[in-house]
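Please look through the sequence and the structure shown below before reading on.

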Amino acid sequence: MNSLSGQREPTFQPALARARAILQPPSSVDLQRRGSILHAQGQAHSSWVRRGRELVALIPGVNALAIDALELTDDAAFTAAIADVDDD
C-alpha cells in the first residue's frame, strides 16, 4: 500500500507471468520486475540472455532485461555479455 495516497501499489504478477511465458527462462533463473526493468538472477547460458534481450521488447511495460545478478554458465561468454551491458 502506498502510504502517501492510501492506494495499493500496482501488482506486476500478470506482467511477470507474461514475461516468463515469452522468455521461457531455465528453472535456474528467477525473474523479478522492478518498474520497467526485468531483473534476472541465477544461472543461465549466454544464448538465453541473447534471446531474452531480443524478446524483452514483446513484454508490455518492460523496457530492459538486467542480468547483473545472473551467472552465465558458459564462462567464455560472460565477459562479452558484461561488455554488452556496459555499452547500453
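**Overview of the predicted model**

The chain contains three helices and three strands, which follow one another along the sequence in the pattern α-β-β-α-β-α.

**Surface and contacts of the chain**

- The protein chain exposes about 5800 Å², and carbon and sulfur atoms supply 51% of that area.
- When contacts between residues at least 6 apart in sequence are considered, 51% of them join residues at least 24 apart.

**Strands and the unit they form**

- Strand β2, which covers residues 37–44, pairs with strand β3, which covers residues 64–72, and the two run in the parallel sense over seven bridges.
- Within this part of the structure, A66 in β3 is the bridge partner of H39, and H39 itself belongs to strand β2.
- Together with helix α2, which spans residues 46–55, the strands β2 and β3 make a right-handed β-α-β unit.

**The nonpolar core**

- The largest nonpolar core has 17 residues, and those with the most contacts inside it are V29, L31, L38, A40, W48, I59 and L70.
- At least two residues of this core come from each of α1 (13–23), β1 (29–34), β2, α2 and β3, with β3 giving the most, namely four residues.
- Leaving aside residues up to four places away in sequence, I59, one of the core residues with the most contacts, touches A15, A19, I22, L23 and L38.

**A closer look at H39**

- H39 counts as buried because its relative accessible area of 18% falls under the cut-off of 20%.
- The side chain of H39 makes a polar contact with the side chain of R34, at 3.3 Å.
- Not counting residues up to four places away in sequence, H39 touches D30, L31, Q32, R34, A66 and D68; among them, A66 is also the bridge partner of H39 in β3.

**A closer look at S46**

- S46 lies in helix α2, the helix that takes part in the right-handed β-α-β unit with β2 and β3.
- Is S46 buried or exposed? With a relative accessibility of 5%, which is under the cut-off of 20%, S46 therefore counts as buried.
- The side chain of S46 is joined to the side chain of D74 by a polar contact of 2.5 Å.

Key:
Residues numbered from 1 in each chain as written. Predicted model: local features only at pLDDT ≥ 70, side-chain atom pairs only at ≥ 80, totals over all residues. Heavy atoms only, no water. Pairing = 2+ DSSP bridges. Right-handed = clockwise from strand over helix to strand, strands pointing away. Core = buried A, V, L, I, M, F, W, Y, C linked by side-chain atoms within 4.5 Å. Buried < 20%, exposed > 50% of the residue type's maximum accessible area, 1.4 Å probe, protein only. Contact = heavy atoms within 4.5 Å. Polar contact = N/O pair within 3.5 Å; in protein donor to acceptor, adjacent residues only side chain to side chain. Areas by Shrake-Rupley, 256 points an atom, 1.4 Å probe, with all protein chains shown as cover.
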